[in-house]
Amino acid sequence: MNMHKNTRLTPSLDLDILNGIMRQAVLQQLQTYLGADTIIETHITRDMLERVEKIRLSNALRGVFEADLVY
């Protein structure tokens, strides 16, 4: 994936993910939560996850946190 360093990906809502409070906060304040300028909603594949530097998840209880891909 050739992307600008300050671009992040998030799953698109048609994947039945929860469009919750924390997701909305992250989308509205990219610099604060992710240090990003741009976010792209897309279908994220396992191959994409295997090639990224960091994986971050979020929820209202824990906020934004790093995760590892485990097989």
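Helices (H or I, at least four residues) and strands (E, at least two) are DSSP runs, numbered from the N terminus. The model is predicted, so local features need pLDDT of at least 70 and side-chain atom pairs pLDDT 80 or more, while totals for chains, interfaces and linings use all residues. Residues are numbered from 1 along each chain as its sequence is written, and side-chain values use heavy atoms, without hydrogens and water.

Select Thr38 in strand 2 (residues 38-42). Thr38 is partly exposed, at a relative accessible area of 36% (between the limits for buried, under 20%, and exposed, over 50%; 1.4 Å probe, protein chains only).

Next, go to Ile17, in the loop between strand 1 (7-11) and helix 1 (21-28). Ile17 is partly exposed, with a relative accessible area of 31%. Select Leu13 and Leu15 as well: with Ile17 they form a nonpolar surface patch of about 200 Å² accessible area together.

Now show the largest pocket, which holds about 1200 Å³ of space. On a 1 Å grid over the protein atoms alone, a pocket is an open set of points where a 1.4 Å probe fits, with protein on both sides within 12 Å along at least five of seven lines; lining residues have an atom within 4 Å of a point. Of its 35 lining residues, Arg8, Leu9, Lys54, Ile55 and Arg56 lie nearest the centre. Strand 1, helix 1, helix 3 (46-51) and strand 3 (55-59) each supply at least two lining residues. Colour the lining by class: 21 nonpolar, 6 polar and 8 charged.

Note on methods
Patch = residues over 30% accessible without salt bridge, like charges linked within 9 Å, V, L, I, M, F, W, Y side chains within 5 Å. Areas by Shrake-Rupley, 256 points an atom, 1.4 Å probe, with all protein chains shown as cover. Salt bridge = Lys/Arg side-chain N within 4 Å of Asp/Glu carboxyl O. Points joined across faces, edges and corners; volume = space filled by probe spheres on them. Nonpolar A, V, L, I, M, F, W, Y, C, P; charged D, E, K, R; others polar.
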